[in-house]
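Reader: I have a two-part request. Show me the model, then let me ask about its parts.

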Amino acid sequence: MTDTTTTDLAAPDAGLPGGWQMVIGLEVHCELSTATKLFCGCPNQFGSEPNTNVCPVCLGLPGSLPVANDAAVTYAMRLGRALHCEVKPSVFARKNYFYPDQPKDYQISQFDQPTNIEGWLELPDGIRIGIERAHIEEDTGKTSHVGGGGRIHEAGYSLVDYNRAGVPLVEIVGKADLRTPEQARQYVAELRSIILAIEVSDAKMEEGSMRVDANVSVRKADEPYGTRCEIKNLNSLRSLVRALDYEARRQIELLEDGERVIQQTRHWDEADGRTHTLRSKEEADDYRYFAEPDLVPLDPSAETLAAIDASIPTLPADRRQALATAAGVTPVEAAMAVERGLDDLALAAIEAGANPARVMTHVEHNLAADEAVRLDAANFAGLVTMETSGELTATQAKQVLAEMVETGGEPGAIAAARGFEAMETGALESLVDEAIAADPEAWAKFCAGDAKVTGAFVGYVMKATKGQADGKAVTELLRRRAAG
Amino acid sequence: MSDPISRDDVAHVADLARLRLTDDELDHFTEQLAAVLEHARDVEALDVADVAPTAHPFELSNITRPDEVRPSLDRDEVLGQAPSTEAGQFRVPPVLGEAP
Ligand SMILES: [Zn+2]
């Protein structure tokens, strides 16, 4: 996940004024990466020419009948199980509404009998966030608005592309357990990691294959929940954090001015950093759900569920725990390595005897997510051992590592080819003596306990060795000389 | 189902279905729907305490198809059925408000 935020809002304090608390629940739609749509054989493909992946079923033409996609059903159940949900016998339902993004004038979804219920997801710090349900539904077509500057409420007319209509989705409805924008960010990041680990979606927020809607309200501590607003159009983790913070402050301002919060859907505008209400008809949701008569219930057997459970790999929370235990760090400290998929490499290197702290430093600072592929764990362990034994300085090790990633080479050979040899202690000592002789004034200060001048001597030695000396060894020699 | 359907109920359902009904039509349909509901009440009178609820008249479940691509329709043929099109897309009146 390249999307990072510098927010310093730590759970559970959202940094709000006047004792206000934020209550957040997220609804995440995730497009399943099946070959075909949920109820027809049209390709499930992003970026095709408009209206080229359509057929009588997904266009809602009379006489057409939907048949559920086996892979979509399996993926949805796998996601449910990965979220510790109970997979229940389930029924598809029609959600009736009039809007041109659904040519049938209803969306096939699930209502009172969803596939997955009552699960949870664990944040890196161990807090569990409840999942109410994760149900299967079909995606809608894409409408775009032409005229009036392209803004929806000024549109001259709308254009509709049904390529996305019928693409399989799972909607994951989280409980209102989140208390800060940072927790919300972690929840979405964790959900994304799980989805990627079980390979049911590419979960790209920017491309819309993972879409987040946020319900947010504010209250004073220990008071009942306030009126919530739903925020849409959150296209990145950064947008999510900014929008939640803005919306909570907007609601607090209203309440402190003696006004009230009106329950409504608001759209986040990334450019102006605010949420806006859309002009919409004042009409309560009334979707007149009823069981979809064209589809039969899903009722997975115990064998089917066992096979699904067996297909789930070790999940990020367990991987964090495994690395944390091996490296002697906390699961939060192990999170970055797991998020970047570098934990297997780190574990193998530690297993091979490499110093855990040095391994974690390289994994966190000197390797990118896609760079582990060319790196052999034994070679990586070898490099770390060369570093800890003093054969290579930290700077040299970093350079050798970069070349190992580049060429897949072996650390000893690369270090030799670069002329990186551990400097003889004798050679280093004479350079240190040279440095002392070159600046007697600074040396007097150093001997008087002024550590600030250390840099002058280290700098001298580094310059003379073109940066190849071990700074720590130089400092140690200086101390020994000063001690007499 | 114990209360007869009211004229307001019918007006609300008509509104949801985007049907514009005259006052006479509202009276007419209220009467007709009441008769339909009255008929359903005959079913309600049956003792079904021992019958498990079903979502479907057939005792079937897990009917699925393999995840294999089938040919889609020709776009010109599809768009040829629409009253108005533009740039390979269906052209519709301006959409106000948000998708539900
Ligand atoms: Zn289709």
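Reader: How many Å separate the centres of domain 2 of chain A and domain 3 of chain A?

Author: This is a predicted model, where local features need pLDDT of at least 70, side-chain atom pairs count only at pLDDT 80 or more, and totals for chains, interfaces and linings use all residues. Residues are numbered from 1 along each chain as its sequence is written, while chains are lettered from A and ligands numbered from 1 in the order in which they are written. Domain 2 covers 316-417 and domain 3 covers 425-482 of chain A, with bounds from an automatic or database domain assignment. Taken over C-alpha atoms, the distance between their centres is 31 Å.

Reader: Which class do the residues on the side of domain 2 of chain A that touches domain 3 of chain A belong to?

Author: Each of these two domains gives four residues to the contact; two residues are in contact if their C-beta atoms, placed from the backbone, lie within 7 Å. Ala, Val, Leu, Ile, Met, Phe, Trp, Tyr, Cys and Pro count as nonpolar, Asp, Glu, Lys and Arg as charged, and the others, Gly among them, as polar. On the side of domain 2 of chain A, none is nonpolar, none is charged, and four are polar.

Reader: How are helix 5 of chain A and helix 6 of chain A oriented to each other?

Author: Helices are DSSP runs of H or I with at least four residues, strands are runs of E with at least two, and both are numbered from the N terminus. Helix 5 (residues 316-327) and helix 6 (residues 331-339) of chain A have axes 8 Å apart, at an angle of about 115°. Axes are lines fitted to C-alpha atoms, for helices over the stretch in contact, and angles run from 0 to 180 degrees between N-to-C directions. Angles under 35 degrees count as roughly parallel, over 145 as roughly antiparallel, 65 to 115 as roughly perpendicular and the rest as oblique, so helix 5 and helix 6 of chain A are roughly perpendicular.

Reader: Which residues of helix 6 of chain A make the contact with helix 5 of chain A?

Author: Helix 5 of chain A brings Pro316(A), Arg319(A), Arg320(A), Gln321(A), Leu323(A), Ala324(A) and Ala327(A). The contact as a whole has nine nonpolar, one polar and three charged residues. From helix 6 of chain A come Pro331(A), Glu333(A), Ala334(A), Ala335(A), Ala337(A) and Val338(A).

Reader: Which element gives the most residues to the side of chain B that touches chain A?

Author: Here 36 residues of chain B meet 50 residues of chain A. Strand 1 (64-65), helix 3 (75-79) and strand 3 (89-92) of chain B each give two or more residues. The most, four residues, come from strand 3 of chain B.

Reader: Which strands stand at the edges of the open sheet of four strands?

Author: Strands pair if DSSP finds at least two bridges between them. The order is 8(A)-9(A)-3(B)-2(B), with antiparallel pairing. Five bridges join strand 8 to strand 9 of chain A, and three join strand 9 of chain A to strand 3 of chain B. The edge strands each have a single partner, so one side of each lacks a neighbour in the sheet: they are strand 8 (142-146) of chain A and strand 2 (85-86) of chain B.

Reader: Which residue in the turn between strand 6 of chain A and strand 7 of chain A has a positive phi?

Author: Strand 6 and strand 7 of chain A run antiparallel, joined by six bridges. They form a hairpin with five residues between them. The turn residue with a positive phi, about 95°, is Gly126(A).
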